[in-house]
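User: I would like to go through this model with you, one region at a time. Could you take my questions as they come?

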Amino acid sequence: MHDHPALAEACARARLVVPLFVIDPAIPARHRQGFLAEALDDLRSTLRDLGGDLVVRRGDPVAEAVRLATETRATAIWATSDVSSYARRREQRLEKACDAQRLQFRLFPGVTVVPPGRLRPFAGDHYRVFTPYWRVWSTAPHRPVLPAPSVVHVPPGIDPGELPGLERKPYGNLRGGETVARRRLDLWLKLCLADYDEGHDELAEDGTSMLSPYLRFGCVSPSEVAARAAGRPGGEAFVRQLCWRDFYYQVALAFPELPRRDYRPRDVDWNDDQDAADAWREGLTGVPIVDAGMRQLRTEGWMHNRARMIVGSYLTKRLKIHWRVGGDHFADLLLDADIPNNWGNWQWVAGTGNDTRPNRVLNPVRQATRFDPKGDYVRRYVPELSGLPASLVHEPWKAPALAAGYPAPLVAVDNG
Ligand SMILES: Cc1cc2nc3c(=O)[nH]c(=O)nc-3n(C[C@H](O)[C@H](O)[C@H](O)COP(=O)(O)OP(=O)(O)OC[C@H]3O[C@@H](n4cnc5c(N)ncnc54)[C@H](O)[C@@H]3O)c2cc1C
């Protein structure tokens, strides 16, 4: 509702507006089903409070949108533009269908702070390296943040359609929806942002915003988050992370094969070891910091960024398992999984993407000692190790008698 350019403009320009969400069976919600259902439920009640409604349909979004437009005698379809190859094909099909029906079609920005493709280097269609992108991004004009509409008039007699079921197995601690998202944003800015620069890499602390699933589903606008954080203590470091998000969107727009093909081709002899891949997915590699991250993902649908880097580096650089195996697993379980950020980060970690140091390998023991110095993060997710002191919890192979039931490492990990 807040800072939604397509909706804001529609409400300002048209007497009647039909807010529509199409549940597309071609995009499996996977573990995100419940979060999406909560977000839609919240959106519908907010719209109803303003006199409107959320119309929900199931099927091909193009066919459903055009059918509803015909039914309601709409004159235009306005939507928010996205970058994945699927989204872009959908937009092209919608534009064609609108032409055929003599409906006006317009796309609006909103999924990123700066529209993907707006900033270009002198040579090339997109930025390949983050730092120059950050430099131009932070001085580029950002569009103004828009208020939520104060009233929404929907034509009478439309079947609102059924929301997806809210019944679901408990999955993680985050509830979906704009109301929860805005409360989280307010609290985060007030209580935590100032410590972000210092604490965001500490694995055992809640030192990051956990706004990623809300950004993923459009429950908060990245422009609003950036505008409200800018200029406050801790704001610059945090806004820089939002710029990473924009960065990968412009990479995905320019390189639609990001989920499938090396961005920077590298001759890696990938290992097809299914058992090792399973052990990684299950959090049973015998490397505590890796297993803690993988178990956090499985139980919470979210993982700390530092842990994502460690488990990603371990999978691709030590087990030599293809980044697609990791990305698929994340795409299945993460509440925040989206195409640009998931695949862009996986390729970064694997050295096939935008990292300027593609050969870097993170040592999991060194990372653990640095970012989980007391071992609290490991103990939280790996109960088999709860009795180990900080000096041993990251290297239980040094005291096997104290780590009963915990596997030996799949591959040797030294502390060097
Ligand atoms: C292998 C791997 C896979 C990842 N997959 C995803 C994914 O599918 N979806 C996703 O949103 N993020 C992904 N990330 C990036 C990052 O881990 C998450 O965005 C972050 O952990 C979300 O937590 P937060 O909201 O508390 O972040 P905060 O630290 O509070 O940062 C604020 C926001 O900045 C953005 N951000 C932060 N770090 C990054 C980053 N490295 N790249 C892009 N945007 C970033 C996110 O939108 C985040 O919500 C991945 C990282 C790695 C290493």
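User: Which residues of helix 16 are buried?
Analyst: In this predicted model, helix 16 spans residues 364–371, and its buried residues are Pro 364, Val 365, Gln 367, Ala 368 and Phe 371. Viewed down the helix axis, these residues fall within an arc of 165 degrees, so they line one face of helix 16.

User: What do the buried residues pack against?
Analyst: They pack against helix 12 (288–300) and helix 13 (305–318).

User: And which contact is found at the start of helix 16?
Analyst: There, a side-chain oxygen of Asn 363 comes to within 2.8 Å of the backbone nitrogen of Val 365.

User: Turning to cavities, how many of 30 Å³ or more are there in the whole structure?
Analyst: The search finds 1. The largest cavity holds about 50 Å³ of space.

User: Which residues line the largest cavity?
Analyst: Its lining consists of Met 309, Ser 313, Lys 317, Trp 348, Val 349, Asp 355, Arg 360 and Leu 362. Helix 13 gives the largest share, 3 residues. By class, 4 lining residues are nonpolar, 1 is polar and 3 are charged.

User: Now the second largest pocket: what is its volume?
Analyst: The volume of the second largest pocket is about 1300 Å³. Its lining comprises 46 residues, with Tyr 196, Gln 241, Trp 244, Asn 305 and Asn 345 nearest the centre.

User: Which element gives the largest share of that lining?
Analyst: Helix 10 does, with 8 residues. The lining of this pocket has 22 nonpolar, 14 polar and 10 charged residues.

Technical notes: Residues numbered from 1 in each chain as written. Predicted model: local features only at pLDDT ≥ 70, side-chain atom pairs only at ≥ 80, totals over all residues. Heavy atoms only, no water. Buried < 20%, exposed > 50% of the residue type's maximum accessible area, 1.4 Å probe, protein only. Helix = DSSP H or I, 4+ residues; strand = E, 2+ residues; numbered from the N terminus. Arc of directions from axis to C-beta. Contact = heavy atoms within 4.5 Å. Polar contact = N/O pair within 3.5 Å; in protein donor to acceptor, adjacent residues only side chain to side chain. 1 Å grid on protein atoms, 1.4 Å probe; cavity = no way out; pocket = protein on both sides within 12 Å on 5 of 7 lines; lining within 4 Å. Points joined across faces, edges and corners; volume = space filled by probe spheres on them. Nonpolar A, V, L, I, M, F, W, Y, C, P; charged D, E, K, R; others polar.
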